[in-house]
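Please keep the sequence and the 3D view open while reading.

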Amino acid sequence: MPELPDVEGFRRVFVSCAKGRVIRQVDVRDAGVLHGVSARRLREALEGRRFTGAERHGKWLLARTGGPTLGLHFGMTGLLVCARPGEEAAPHDRVVFTVGADRQLRYRDQRKLQGLWLAEDESAVERLLAHQGPDALAVDRERFEAALCARRGTIKTVLTNQSVVAGLGNLLADEILWRARVRPSTHSNDLTEADRRRLYTQMRRTLRSAVPTGRVPPRDSWLTGHRDTPSPHCPRCGELLRRSRMGGRTTVWCAKCQ
DNA sequence: CAGATTGTTCTCAT
DNA sequence: TATGAGAACAATCT
């Protein structure tokens, strides 16, 4: 589920719930979500410190403490929720941070495909983000277009490749391609200058309107609002949408518009 | 029961 | 060397 807009929503949850508060307790309920750090070390590193803020890069969230940095990745089913300590934990609450006197930040994840990392210093943070391209909301037009020119794979797999541009997932890529009227099977280095320009413009526009919602909104005027309907039709021209697999993911597009 | 799922990473083949 | 297909990871849902 989580793509850039979702993670941006989790960043807002983090800020309103935990920013500025002392980490009183770290309760690792399922150590299976921890990567390269033990439950004991995580507790020891964080308890007593204060969450000072959070940054997002692509689908990564970095929670700062003034000391070690907590890296969160939400995989396909992860999310962050704010709760009261008294509220019963959900079955998939894997790590619970009690922050301040009466709040809890909960990392919840049904499928545990990703999880939490502890970066002890800035060079460890850099290693976490080593394979990430520029953030999709921060990248400028020149860098974006140059990255597309440098790739030969299909544009669908290029857009979802986090090392090219970070933050776009399967739904966003299909949405952006549909809005830019580019067929997902087009090879990246075969795009015209005009294609690249429309892709950049539509990427920004799609992200900007999805971020406040905290998800890729399944609006009626969006491709995303139709892709999972029984008989999906293009909201622009009414054509029956095509569905295939590219790079292992379901890809939806309109053969008439794109 | 088979097949699917909005993510990432690895291996193997082309 | 660069891509792509497929698998693996885990836990569901249809």
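## Basis

This is a predicted model, in which local features need pLDDT of at least 70 and side-chain atom pairs count only at pLDDT 80 or more, while totals for chains, interfaces and linings use all residues. Residues are numbered from 1 along each chain as its sequence is written, chains are lettered from A and ligands numbered from 1 in the order in which they are written, and side-chain values use heavy atoms, with hydrogens and water left out.

## Surface at DNA strand C

The residues around DNA strand C include His 92, Lys 112, Arg 151, Arg 152 and Gly 247; a residue is near a strand if one of its heavy atoms lies within 4 Å of it. By class, this surface has one nonpolar, six polar and four charged residues. Here Ala, Val, Leu, Ile, Met, Phe, Trp, Tyr, Cys and Pro count as nonpolar, Asp, Glu, Lys and Arg as charged, and the others, Gly among them, as polar.

Sugar or phosphate accounts for 68% of the atoms of DNA strand C within 4 Å of the protein, and bases for the rest. Phosphate oxygens of DNA strand C lie 3.1 Å from a side-chain N or O atom of His 92 and 3.0 Å from one of Lys 112.

## Helix 6 and helix 7

Helix 6 (residues 170-179) packs on helix 7 (residues 193-210) at about 125°, with axes 9 Å apart. Axes are lines fitted to C-alpha atoms over the stretch in contact, and angles run from 0 to 180 degrees between N-to-C directions. Among the residues that meet are Leu 172 and Ile 176 in helix 6 and Leu 199 and Met 203 in helix 7, contact meaning heavy atoms within 4.5 Å. By class, this contact has six nonpolar, three polar and three charged residues.

## Helix 4 and helix 7

Helix 4 (residues 141-149) also packs on helix 7 at about 125°, with axes 10 Å apart. By class, the contact has six nonpolar, one polar and five charged residues.

How values were computed. Polar contact = N/O pair within 3.5 Å; in protein donor to acceptor, adjacent residues only side chain to side chain. Helix = DSSP H or I, 4+ residues; strand = E, 2+ residues; numbered from the N terminus.
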